[in-house]
Amino acid sequence: MARDTMMSWQVGDVTVTRIVEIWNFTDHINMTMSDATPEEVIALEWLHPHYATPEGQQRMNFQGFVVQAGGRNIVVDSCIGAGRQRDFDVFCNLPEGFLEDLESLGLTRDQVDTVLCTHLHFDHVGWNTWKDPETGTYKPTFPNARYLFGRTEYDAWQNVIRHDGHHTDTHLVECVDPIVELGLADFIEADHVIAEGPGWRIFTEPSHGHTPGHVHVCIESKGERAVITGDLMHHPMQCAMPHRTATFDMDKDAGRASRISFVEKYRDSGVVVIGAHFFDPTAGHIETAPDGATWFHGLGL
């Protein structure tokens, strides 16, 4: 996208940096919550102006994250990828700014040691690979990394989802299959420790529902904590209404239960919540508002 959209947060000794591929995308709120209306968005004053337009459309980003600690360089969700053909025009033929932004951190592709995909939707696996213009084949973007795919998640896509008639497997062919075929994938359980060192720990927790094996990523260091949501939720409005149906949850009841549990666990906890699709400032706290309702309070607002 552009380096001026990058943001970093410090969690003890752990640094989290977002890399944005599509910034300030606006759409009807029912893209996220199937029964929500623009009038509801307009009525929630705390959503404005950062998370909603005056007309009641949602604002969101498509972005990935780099998590660094103790010499480890971990990509969490590798976004959409350049030059791809996807179901909607906004995701097609994107430029290669993601890698340029990565390099602005002083980080080369060879230095990334781990790629963790919270789930296997196309906008979370795209930069797993790049297309070699000479051969037309897809090769690992991060050749020295181990790619962590949830075991439940991967098996569901292989055995059910890619054959269900509703999901194209193009992104699997391009962004997942080549990694597995080269032996670069590790299939993990939902409560997996990604990396740890003196005074810090990065691990996953289960939040199934959006997809069968969806996980979110937890960070702990020196008494500070943060969590990267993945697609457990797409928009801050869902912090206030976790019980509402999410449009793209594959198992809507499980997704609802995961969201409710997540909000209950992290509300008023002081944990920094980093929304995988939240627009600026992306990170904040789930809090109880003065009127007793729940809201998302973005950092710096």
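On a 1 Å grid over the protein atoms alone, a pocket is an open set of points with protein on both sides within 12 Å along at least five of seven lines, whereas a cavity is a set where a 1.4 Å probe fits but cannot get out. The largest pocket here has a volume of about 690 Å³, where a volume is the space filled by probe spheres set on the points, and grid points are joined across faces, edges and corners. This is a predicted model, in which local features need pLDDT of at least 70 and side-chain atom pairs count only at pLDDT 80 or more, while totals for chains, interfaces and linings use all residues. Residues are numbered from 1 along each chain as its sequence is written, and side-chain values use heavy atoms, with hydrogens and water left out.

**Pockets**

- Lining residues have an atom within 4 Å of a point; the largest pocket has 29 of them, and F88, F91, H121, F122 and F248 lie nearest its centre.
- By class, that lining holds 11 nonpolar, 12 polar and six charged residues, with Ala, Val, Leu, Ile, Met, Phe, Trp, Tyr, Cys and Pro counted as nonpolar, Asp, Glu, Lys and Arg as charged, and the others, Gly among them, as polar.
- At least two lining residues of the largest pocket come from each of β2, β3 and α4 (170-175); helices (H or I, at least four residues) and strands (E, at least two) are DSSP runs, numbered from the N terminus.
- The second largest pocket holds about 170 Å³ of space, and its lining consists of A82, G83, R84, E96, L99, R109, W127, W130 and K131.
- Four nonpolar, one polar and four charged residues make up the lining of this second largest pocket.

**Cavity**

- One cavity of 30 Å³ or more is counted, and the largest cavity contains about 30 Å³ of space.
- Around the largest cavity sit C117, T118, H119, G150, E153, I188, E189, G213 and V215, which divide into three nonpolar, four polar and two charged.

- Strand β4 (residues 72-76) runs antiparallel to β3, joined to it by five bridges, and Q68 has N73 in β4 as its bridge partner.
- The hairpin of β3 and β4 has two residues between the strands, and G70 takes a positive phi near 55 degrees there.

Note on methods: Pairing = 2+ DSSP bridges.
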